[in-house]
Amino acid sequence: MSEKKSGIIGYGVQIPLRRIKVEEIARVWGKDGEHVSEGLNVKEKAVAAQDEDSCTLAVEAARKGIKDFGIDPKRIGAVYVGSESHPYAVNPTASIVGEALGTTNEYFAVDLEFACKAGTAGMQICMAHVLSDMIDVGLAIGADTAQGRPNDALEFTAGSGAAAIFIGGDKKEVIAEIDQTCSFTTDTPDFWRRPRAEFPEHTGRFTGKPAYFKHVLGAAKLLLKKTGMEGKDFDWAVFHQPNGKFPIKAAETLGIPFEKIKQGLLTPFIGNTYSGATPIGLCSILDVAKPGDKILAVSYGSGAGADAFAITVTKNIETRRAAVPVLKQIERKEYVDYAVYLKHRGKIKSL
Amino acid sequence: MTVSAPMNWRRIPERYRLKGSYCETCGKAFFPGRVVCPNCRRKGKLKEQDMPRAGKIFSYTKVHVGPTGFSHETPYFIALIELENKAKVLSQIIDSEEEKIQVGAKVELAFRKVGKDDKYGAINYAYKFKVIE
Ligand SMILES: [Zn+2]
């Protein structure tokens, strides 16, 4: 990579207020809730309200980043929104986000989709823009209001949330330099949704070894080779988290202990936020990281691919922090039962 | 209620970012924006400006019977909000505990869908407010 560095200059996270417990979903379908919850290592998931969608979550996350990190929206030269639940099939989320933030009209914009890794793909594109001096600041957002078919395994984990990551190159602002990034991609259809289909299809157990682990570990190993680092060189790590178990196993394989991933492992409390998952976990790590800390971040998107990042926290983080840490934001919640959940998620057919 | 696409489009800056106006002569802020200052008339000089994103509840009411498009959200709260620059906004209050929705309660701007959208139509995004602790 070139001498010029790019990095994260600010971030914001939006998690909906409402939660449903895995045990409550299991109750409705006559399953052993405790057993399901333990098996997935997921206690509850965040539920978007009837007036929320991926676009509103994206805007609210980005507004927090702008406010907390003092970023002038007029400096934003690119907006990329990664999601598998864009509110429109045609008509971009990115342009709505730009207007809501008050950007100028001169910015690159497009919606991205790559199952759960479109948010980190946006980060890579923003990095490339910054490194080539095409823009001053780029905004990459991972946002989803994930849907699972009632009584499908995905229903227990499909959550809602968004993270907005601002990428820039000004050394005075960068709180975390991105030292290296790479992607590992194959044609592996383990999860998909056809046009007009309301819910995604998936291949059950096939989503594990040949899909998630092959790609996450594949990208991580590529990154380690490029950086000359080992798993143990990192102070923190975050992996895509379709459940609470896969990321723990991925970390173990790379020789990274649980203590280093705990801060960014949020699926047990908010569910799998799809495109939001790895970025939100990364933001939670940035909430507590110290100057000089090394962070490994690896997303995963079905289809399939993984994006890996080696990140070094700078001293700017001592003065540039989010107003409300992710873990604190998650504490504020309101439980809903299954019927209210159905109402908010628009799954009641006669409405 | 159906509003034409151009009409909706013109109101986007107002709905998304609380774009209003203020008078350079007397300093009063207006939301929605005005073209003539009611205080200064011809001497007024109006400039477009995004309103502050925080304020407090001036008055509120609980809606039990919602109009078309809002009937599935009842009961919900509507409040007249006094923004930090004294301009007033009428808005739905969301994600707030009922006992905290009081006159004088501090609120901040949120970005949400307004009303129920029809499956094939355009989505109406706009401001709503929530009480901050
Ligand atoms: Zn005036």
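This note goes through a few local features of a predicted model.

1. Conventions. Residues are numbered from 1 along each chain as its sequence is written, and chains are lettered from A in the order in which they are written. The model is predicted, with local features needing pLDDT of at least 70 and side-chain atom pairs counting only at pLDDT 80 or more, while totals for chains, interfaces and linings use all residues; side-chain values use heavy atoms, without hydrogens or water.

2. Two helices of chain A. Helix H6 (residues 208–227) and helix H7 (residues 246–253) of chain A have axes that come within 11 Å and cross at roughly 50°. Helices here are DSSP runs (H or I) of at least four residues, and strands (E) are runs of at least two. H6(A) and H7(A) are therefore oblique to each other (under 35 degrees is roughly parallel, over 145 roughly antiparallel, 65 to 115 roughly perpendicular, and the rest oblique).

3. The contact of these helices. H6(A) contributes A:Gly208, A:Tyr212, A:Phe213, A:Val216 and A:Leu217, and H7(A) contributes A:Phe246, A:Pro247, A:Lys249, A:Ala250 and A:Thr253; contact means heavy atoms within 4.5 Å. By class, 7 of the contact residues are nonpolar, 2 polar and 1 charged.

4. Strand E5 of chain B. In strand E5 (residues 76–83) of chain B, 6 of the 8 residues are buried, that is, under 20% relative accessible area, with exposed over 50% and partly exposed in between (1.4 Å probe, protein chains only). E5(B) pairs with strand E4 (residues 54–63) of chain B in the antiparallel sense over 8 bridges, where pairing requires at least two DSSP bridges. B:Lys62 has B:Phe77 in E5(B) as its bridge partner.

5. The hairpin has 4 residues between its strands, and B:Lys86 takes a positive phi near 75°.

6. A sheet in chain A. Three strands form an open sheet in the order E3-E2-E14 (chain A), with mixed pairing. Strands E3 (44–47) and E14 (334–335) of chain A are the edges, each pairing on one side only. Strand E2 (residues 18–21) of chain A and E14(A) pair in the parallel sense over 2 bridges, and A:Arg18 stands opposite A:Glu334.

7. A:Lys43. This residue is in the loop between helix H2 (33–40) and E3 of chain A. A:Lys43 is partly exposed, at 48% relative accessible area. Its C-alpha atom is separated by 8.1 Å from that of A:Gly271, 228 residues apart along the chain.

How values were computed:
Axes are lines fitted to C-alpha atoms, for helices over the stretch in contact, and angles run from 0 to 180 degrees between N-to-C directions. Ala, Val, Leu, Ile, Met, Phe, Trp, Tyr, Cys and Pro count as nonpolar, Asp, Glu, Lys and Arg as charged, and the others, Gly among them, as polar.
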